Amino acid sequence: MRCLMCEKELGYGSLTDILFGDDPLCHACRVKWKKKRIRFMFEGHLLRSSYVYNEAFSSCLIRYKELGDEALKDAFLYEDKNWFRHTYRGYTPVLMPSTKEKEEARGFSHLARMFECTGKETLSPFVKLSDRTQKGRTRAERLAMSVNIGLKEGAVLPDKIVLCDDVITTGSTLRGALKALEGYTGKIEIYTVSATSLWFR
Ligand SMILES: [Zn+2]
């Protein structure tokens, strides 16, 4: 088996590759990811994250999400899948939506596949109504914007949910989702696999 990022044959590079051979990334690629678990309150809800959104994480995510390299699906939660299952016991993962066009172009639901390895049943009750572009706007404008998200007709949510996304950048997607959940009375927590450096201050 080869590392899905650098193509190096796994198991020949280092002892770590042999010992942890089911990681889809080789040790050299894995250590480029900056593991840093953080937790903070986001709009009144506890948000946890596992990685700093650095260049290595971002290029893996782009390859998976934008170039449709589906084989990378297990790389993101490989280190934290058991922690996730344990931390969110009793919570149902609720996935952030992509626009229909993006998901059709990709051919698979990238978050659903990403969270499969946690062994938890996930829900996708949201629809992203439009992809308002953030290009050409100031940072303050981007922060103030929230993505237009709605709940699918007839969507039923359990009592405890954890909103899940791959990365928190401006937080606008999550803000949009929370807005769509205004009538919901259950408990909401948030998990993003990574967070941009802005959230580490
Ligand atoms: Zn590699």
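Which residues of the largest nonpolar core touch the most other members? I worked on a predicted model. The core holds 45 residues, and Val 162, Leu 163, Cys 164 and Ala 177 have the most contacts with other members.

I then looked up where the core residues come from. At least two residues each are supplied by β2 (45-52), α3 (55-65), β3 (92-95), α6 (110-115), β6 (160-168), α8 (172-180) and β7 (187-195). β6 gives the largest share, five residues. Domain 1 (1-31) and domain 2 (36-200) each contribute at least three residues to this core.

Next I took Val 162 by itself. Setting aside residues up to four places away in sequence, I found Val 162 touching Tyr 88, Tyr 91, Pro 93, Val 94, Glu 189, Ile 190 and Tyr 191.

For the whole protein I noted eight helices and seven strands. Of its 201 residues, 32% count as buried. Among contacts with a separation of 6 or more, 68% are between residues 24 or more positions apart.

Last, I checked Ser 98, which sits in the loop between β3 and α5 (100-106). Is Ser 98 buried or exposed? I count Ser 98 as buried because it has 21 C-beta neighbours inside 10 Å, and the cut-off for buried is 20 or more. Apart from neighbours within four places in sequence, Ser 98 contacts Glu 103 and Lys 128. I also noted Ile 149, 51 residues from Ser 98 along the chain, with 9.8 Å between the two C-alpha atoms.

Methods: Residues numbered from 1 in each chain as written. Predicted model: local features only at pLDDT ≥ 70, side-chain atom pairs only at ≥ 80, totals over all residues. Core = buried A, V, L, I, M, F, W, Y, C linked by C-beta atoms within 7 Å. Buried ≥ 20, exposed ≤ 12 C-beta atoms within 10 Å, placed from the backbone. Helix = DSSP H or I, 4+ residues; strand = E, 2+ residues; numbered from the N terminus. Domains from an automatic or database assignment. Contact = placed C-beta atoms within 7 Å.
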